[in-house]
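Please read these points with the sequence and the model open. They are meant for someone who has not looked at this structure before.

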Amino acid sequence: MFPDYPQLPQRASGILLHPTSFPSTFGIGDLGPAAHAWIQWLAKTGCSLWQFLPLGPTGFADSPYQSFSAFAGNHLLISPQALIEQGLLAVDEVEEGLDFPADQVAYEDVIPWKEEILERMATHFLDRASSNILDAFVAFSEEEQSWLEDYALFMALKHAHKGKPWTQWSKELRDREVAALKDAQNALQAEVQAQKVWQYLFSFQWSDLKHVARKLGVSILGDMPIFVAHDSADVWANRSFFKLDSFGQPTVVAGVPPDYFSSTGQRWGNPLYAWDAMADDDYGWWVARVLKTLTQVDVIRLDHFRGFEASWEIPSSEETAVKGQWVQGPGRALLDRLSSALHGLPLIAEDLGVITKEVINLRTDYKLPGMKVMQFGLEAGPDHEFLPHNYEEGFIAYTGTHDNDTSVGWYQAAKSEIQHFARSYLSSDGDHIAWDMLEALWDSAASWVIVPMQDPLELGSGARMNFPSRTHGNWQWRLRAEQLSDELAGRLRNLNHRHDR
């Protein structure tokens, strides 16, 4: 079945906000009442785009870009309130342990508490679920079998091995010997079933939210990391598609050379693809991955698009990304295959960083929208392509992304000459720099403009979502319910009206 692409707006605006940042009494944003309230509030603003980070179950450092699966959903986003309303949880089963901070996610406390709640729910799922829910669960398990079986067993095995990566399991399990997998399925039957239940419930709650967004005219922009985590069901179940040694360890890893964010580059550590092996399979894994993502979103932002043309390959023995080499990617062969399978390419190319003529040609040949980041332009000076007066149709423009500081935080930390240029360029006194940046962005020729939610709220660096190359303290910021005010909605609605977005 091909994705049901909506009629996307030609000139529009939107907000970047990850679901973990929704208000919630359960310590982390989820897909329950606050998510629905968010969509309704966003529709009131006149913004017709909602963008967020990858939705997969998070692994190392709680990063959405280091997921245990490229196909699964993050079970931590399952709404306990929705489970209560479905009769799958009792109220008294979730009352304890609710003393969580309101403005950040305390992952070390939230994860064990919420997983205990979900495990308890899964234990009673077959007894408590209605016949309609059970039928839908069976249908989901059959439809998603191609990835769900491996993922559910992988997560059950990780739990049984106290979180150790799959390369540290027994040789038989590491190498997926048939007898060992069968024994594990039998021994961990309850845990495997729980993982499948969680994935069904995530899918159900997400589909419900997406339906509401569609009704209210809000299009959904998802984010797909080009690479997957080494400690993932994807790599464990598809070793031939990755550059690994006989023990399953990466021989080379992904990253980027020294850049704006780091003088030693960024050593992401993800295994790199064996593109020849993927080509021999007609890129079937990639087609399945993109099709799955398009059941959740309307448009995909391809993170690190330049990796499709060439990737920075770092020897796994290196501690930084300084020593590496550019290695050719699949380029047109993969994009042609995706275009054929998808009947189009509802993709946005994240084309930031070290961009060559070859990368630009690859993007433009397939008519993929590129990205502009206003903060970079204001730092670079009056002729830079990332300044709003230089934007063109066919691009998506941002004040900053999840990797940038908030606009207020960026301005406050900027050198005095950059602050001076920003005030001059924006005709601003600097007191409300974020809104002055919004005005310039909305007034530009860019087809879509998107800003992190922190910017309309004029929040400082304390609300920053991610510090690239830092492995702790990221992905924690949360919105307070009272911040979604009618006054702010009206101000954004007026901005959209004045700039015809």
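The points below cover salt bridges, a helix, paired strands and aromatic contacts.

1. The model is predicted. What follows should be read with that in mind.

2. Across the whole structure, a search finds 21 salt bridges. One of them joins arginine 128 to glutamate 93, with 2.9 Å between the closest N and O atoms. Arginine 128 belongs to helix α4 (residues 125-128), while glutamate 93 is in the loop between α2 (80-85) and α3 (107-123), so the bridge links distant parts of the chain, 35 residues apart. Arginine 128 is partly exposed, at a relative accessible area of 29%, whereas glutamate 93 counts as buried at 13%.

3. Glutamate 149 and lysine 196 form another salt bridge, and their closest N and O atoms are 2.8 Å apart. Here helix α6 (residues 145-160) supplies glutamate 149 and helix α9 (residues 189-215) supplies lysine 196; the two residues are 47 apart. Glutamate 149 counts as partly exposed, with 25% relative accessibility. Lysine 196 is buried because its relative accessible area is 13%, under the 20% limit.

4. Helix α18 (residues 433-443) is largely enclosed by the rest of the structure, because eight of its eleven residues are buried. Among them are Trp435, Met437, Leu438 and Trp442. Glutamate 439 counts as partly exposed, at 26% relative accessibility.

5. Which residue forms a salt bridge with glutamate 439? The partner is arginine 498, and the closest N and O atoms are 2.6 Å apart. Arginine 498 lies in helix α19 (residues 486-498) and glutamate 439 in helix α18, so their bridge ties together parts that are 59 residues apart in sequence. Arginine 498 is partly exposed, with 44% relative accessibility.

6. Salt bridges also form a network, which links Lys171, Arg174, Asp175, Glu177 and Arg239.

7. Strand β7 (residues 310-315) has five of its six residues buried and is mostly covered. Four bridges join β7 to strand β4 (residues 252-256), and the two run antiparallel. In this pairing, tryptophan 312 of β7 stands opposite glycine 255. β7 also pairs with strand β8 (residues 325-328), in the antiparallel sense and over four bridges. There, glutamate 313 has glutamine 325 in β8 as its bridge partner.

8. The search for aromatic pairs finds 36 in the whole structure. Tryptophan 147 and tyrosine 151 are tilted, because their planes are at 55 degrees, and their ring centres are 6.2 Å apart. The two residues are separated by about one helical turn, being four residues apart in helix α6. Tryptophan 147 is buried, with a relative accessible area of 8%, and tyrosine 151 is buried too, at 1%.

9. Phenylalanine 154 and tryptophan 169 form a tilted pair, 5.6 Å from centre to centre and with 45 degrees between the planes. Phenylalanine 154 is in helix α6 and tryptophan 169 in the loop between α6 and α7 (171-174), so this pair ties together parts 15 residues apart in sequence. Both residues, phenylalanine 154 and tryptophan 169, are buried.

10. Ring pairs link a cluster whose members include Phe71, Trp147, Tyr151, Phe227, Trp268 and Phe308. Charges also sit over rings: the charged end of lysine 372 is 4.3 Å from the centre of the phenylalanine 395 ring. Arginine 464 lies over the face of phenylalanine 467, at 4.3 Å from the ring centre.

Terms used: Residues are numbered from 1 along each chain as its sequence is written. This is a predicted model: local features need pLDDT of at least 70, side-chain atom pairs count only at pLDDT 80 or more; totals for chains, interfaces and linings use all residues. Side-chain values use heavy atoms; hydrogens and water are left out. Buried means under 20% relative accessible area, exposed over 50%, partly exposed in between (1.4 Å probe, protein chains only). A salt bridge is a side-chain nitrogen of Lys or Arg within 4 Å of a carboxyl oxygen of Asp or Glu. Two strands pair if DSSP finds at least two bridges between them. Rings of Phe, Tyr and Trp (its six-membered ring) pair if their centres lie within 6.5 Å; planes under 30 degrees apart count as stacked, over 60 as edge-to-face and the rest as tilted. A charge sits over a ring if NZ of Lys or CZ of Arg is within 6 Å of the ring centre and within 35 degrees of the ring normal.
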